[in-house]
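Please find below a briefing on selected local features of one protein model.

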Amino acid sequence: MRRLLFAEFNTVYRKPKLYVLLAILIVAFALGVVIDHFVGGDMWGYQMIDIFYPFLAIILVTDITHKEYKFHTMKNLIGSGFSRKQIYFGKLIVTLGSSFAFLLVAEILKIVYAIINNHLATKIYPVAEIVDTIRCLGMFTIIFIISVLIVSDGLSLFASFVYGVLFNPIFSLAAIPLQISDKVASIIKAALLISTDAYLKIERNPKTAAITSAKIIPSGIIWCVVGIAVAVGLLILGYEVFKRKEFK
């Protein structure tokens, strides 16, 4: 397992793709800072991070899990002495590690942005950020399962985008004609780990839309726990499918 992890992490951190994606995130953040400078307010820096981070991280996750399918080396990896359990959970560890690296960079950029705008004390919410980090890692666990079970590279990427990025606004829009209340909709999205609405109470400046406070809603965290439990259950189910999967 250690040899597999070393090889996987080495592949990820030696390939330019990780650094290109991180560079895109930093450029998007810088663009947000420039927009704020000319337009006024303190919203776009945060918004650019939140908009670009999921897209870029999903591209990285699907690349990590799909390179064996892309280059038809899965049978070679299995035949080299690694068990399917080692391959499955080894790639999961690398996926979450790489996703956490993206999260860390995003958080550092948010801190830098708070310093630039002289409101570090009021803009960083440690408990809220920890809860959201756990949610994001759970979400990327499900994206990992999608990627590892769908052999088609394009279909896997599309399914991951639908779940990780598009399903949140699509569900919000669909809830309107279905007459689902905002509270119920946010609870469902929190249980699916695609939104923090149900367990973070966020207040914004009505003029700039900048976040002025964010508090944990204790009862809502239950739905985050439900989401994590679902992710763990899917992870086990995904392994059972992967264990029996045929590779050409």
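The points that follow are grouped by topic.

The model is predicted. Helix H3 (residues 44-70) is described here through its packing against H2 and against H7. A search of the whole structure finds zero disulfides.

**Packing of H2 against H3**

- Helix H2 (residues 16-39) packs on H3 with an axis separation of 8 Å and an angle of about 170 degrees.
- H2 is therefore roughly antiparallel to H3, since an angle over 145 degrees counts as such.
- On the H2 side, the contact is made by Lys17, Leu18, Leu21, Ile24, Leu25, Ala28, Phe29, Leu31, Gly32, Val33, Ile35 and Asp36.
- The H3 side contributes Trp44, Gly45, Met48, Ile49, Phe52, Tyr53, Leu56, Ile59, Leu60 and Asp63.
- Sorted by class, the residues in this contact of H2 with H3 are 17 nonpolar, two polar and three charged.
- The crossing of these two helices, H2 and H3, is right-handed.

**Packing of H3 against H7**

- The axes of H3 and helix H7 (residues 126-149) come within 9 Å, and they cross at roughly 40 degrees.
- H3 and H7 are therefore oblique to each other.
- The crossing in which H3 passes H7 is right-handed.
- From H3, the residues Tyr53, Ala57, Ile58, Val61, Thr62, Thr65, His66 and Tyr69 take part, and they meet Phe140, Ile143, Phe144, Ser147 and Val148 of H7.
- By class, the contact of H3 with H7 comprises nine nonpolar and four polar residues, with no charged residues.
- Tyr53 is listed in the contact of H3 with H2 and also in the contact of H3 with H7.

**Aspartate 63**

- Aspartate 63 is located in helix H3, where Asp63 is one of the residues that contact H2.
- With a relative accessibility of 10%, aspartate 63 counts as buried, because the limit for that class is under 20%.
- Apart from neighbours within four places in sequence, aspartate 63 is in contact with Lys15, Lys17 and Lys70.
- Among these contacts of aspartate 63, Lys17 is also listed on the H2 side of the contact between H2 and H3.

**Arginine 3**

- Arginine 3 is placed in helix H1 (residues 2-14).
- Its relative accessibility is 57%, so arginine 3 counts as exposed.
- When neighbours within four places in sequence are set aside, arginine 3 is in contact with Ser80 and Phe82.
- Although arginine 3 and phenylalanine 82 are 79 residues apart along the chain, their C-alpha atoms are separated by 9.6 Å.

**Leucine 193**

- Most residues other than glycine have a negative phi.
- Leucine 193, which is not a glycine, has a positive phi of about 65 degrees.
- The position of leucine 193 is in the loop between helix H9 (182-191) and strand S1 (200-204).
- Leucine 193 counts as buried because its relative accessibility is 0%.

**Cysteines**

- A disulfide is a covalent bond between the sulfur atoms of two cysteines.
- For cysteine 136, the closest cysteine sulfur is that of cysteine 224, at 9.7 Å, which is too far for a bond.
- The disulfide cut-off applied here is within 2.5 Å.
- Cysteine 136 counts as buried, with 3% relative accessibility.
- Cysteine 224 likewise counts as buried, with 5% relative accessibility.

How values were computed
Residues numbered from 1 in each chain as written. Predicted model: local features only at pLDDT ≥ 70, side-chain atom pairs only at ≥ 80, totals over all residues. Heavy atoms only, no water. Helix = DSSP H or I, 4+ residues; strand = E, 2+ residues; numbered from the N terminus. Buried < 20%, exposed > 50% of the residue type's maximum accessible area, 1.4 Å probe, protein only. Contact = heavy atoms within 4.5 Å. Axes fitted to C-alpha atoms, helices over the stretch in contact; angles between N-to-C directions. Parallel < 35°, antiparallel > 145°, perpendicular 65-115°, else oblique. Left-handed = near helix turned anticlockwise from the far one by under 90°. Nonpolar A, V, L, I, M, F, W, Y, C, P; charged D, E, K, R; others polar.
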